[in-house]
Amino acid sequence: MEELIKAIVFPLVDDHTHVMIEKQEESDHVTYILVVDKKDMGKVIGRHGQVAEAVRTIVSAVGSAGGVPTRFLIRE
């Protein structure tokens, strides 16, 4: 899943060195937290949150297909 998120996010950001993905596993779900540089935050979120929502949809669908409810958060 981390590779999928990187494949989606890397073309959007200018500073690849500050892209990190944290994985938090709970008993009933998995949460992936994307950390990007402050100047790239707008590119990852997109206009009216469209890019962020699209990434959330993809991550959730792939996780659900694997049988694990999955969440996606963005943090600077």
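Two strands count as paired if DSSP finds at least two bridges between them. Strands here are DSSP runs of E with at least two residues, helices are runs of H or I with at least four, and both are numbered from the N terminus. With that in place, Y32 stands opposite F72 in β3.

Before going on, some housekeeping. This is a predicted model, in which local features need pLDDT of at least 70 and side-chain atom pairs count only at pLDDT 80 or more, while totals for chains, interfaces and linings use all residues. Residues are numbered from 1 along each chain as its sequence is written, and side-chain values use heavy atoms, with hydrogens and water left out.

I'll start with the strands. β1, residues 20-25, pairs with β2 in the antiparallel sense over six bridges. K23 has Y32 as its bridge partner in β2. β2 also pairs with β3, residues 70-75, this time in the parallel sense, again over six bridges.

How much of β2 is buried? Six of its six residues are. By buried I mean under 20% relative accessible area; exposed is over 50%, and partly exposed is in between, using a 1.4 Å probe and protein chains only. V30, Y32 and L34 point one way from the strand, T31, I33 and V35 point the other way, and all are buried.

Next, the core. A nonpolar core is a set of buried Ala, Val, Leu, Ile, Met, Phe, Trp, Tyr and Cys residues joined through side-chain atoms within 4.5 Å. The largest one here has 14 residues, and those with the most contacts inside it are I5, Y32, L34, V36 and F72. At least two core residues come from each of α1 (2-9), β2 (30-35), α2 (41-45) and α3 (50-65). The biggest contribution is from β2, with three residues. As background, nonpolar side chains in soluble globular proteins tend to be buried together.

Contact, from here on, means heavy atoms within 4.5 Å. Leaving aside neighbours within four places in sequence, I5 is in contact with I21, Y32, L34, V59 and F72. L34 sits in strand β2 and counts as buried because its relative accessibility is 0%.

Now α3. Its 16 residues should span 22 Å at 1.5 Å a residue, and the end C-alpha atoms are 22 Å apart, which agrees; the expected span is 1.5 Å times one less than the number of residues. Which residues of α3 are buried? A52, V55, V59 and G63 are. They cover an arc of only 65 degrees around the axis, so they lie on the same side of α3. That arc is taken from the directions from the helix axis to the C-beta atoms. An α-helix has 3.6 residues a turn, so residues three or four places apart point the same way. On the other side of α3, Q50 and A65 are exposed. The cover over the buried residues of α3 includes α1, β2, α2 and β3. Just after the helix, G67 takes a positive phi of about 85 degrees.

T70 belongs to strand β3. It counts as buried because its relative accessibility is 10%. A polar atom of the T70 side chain lies 2.9 Å from the backbone oxygen of V68. Not counting residues up to four places away in sequence, T70 touches M1, V30, Y32, V59, S60 and G63.

Finally, two loop residues. A polar atom of its side chain lies 3.2 Å from the backbone nitrogen of D14. Beyond its neighbours within four places in sequence, D40 is in contact with V13, D14 and D15.

H48 lies in the loop between α2 and α3. H48 counts as exposed because its relative accessibility is 76%. It has a positive phi of about 60 degrees although it is not a glycine. From C-alpha to C-alpha, H48 is 18 Å from L34, and the two are 14 residues apart in sequence.

Notes. A polar contact is a pair of N or O atoms within 3.5 Å; within protein, one must be able to donate a hydrogen and the other to accept it, and residues adjacent in sequence count only if both atoms are side-chain atoms.
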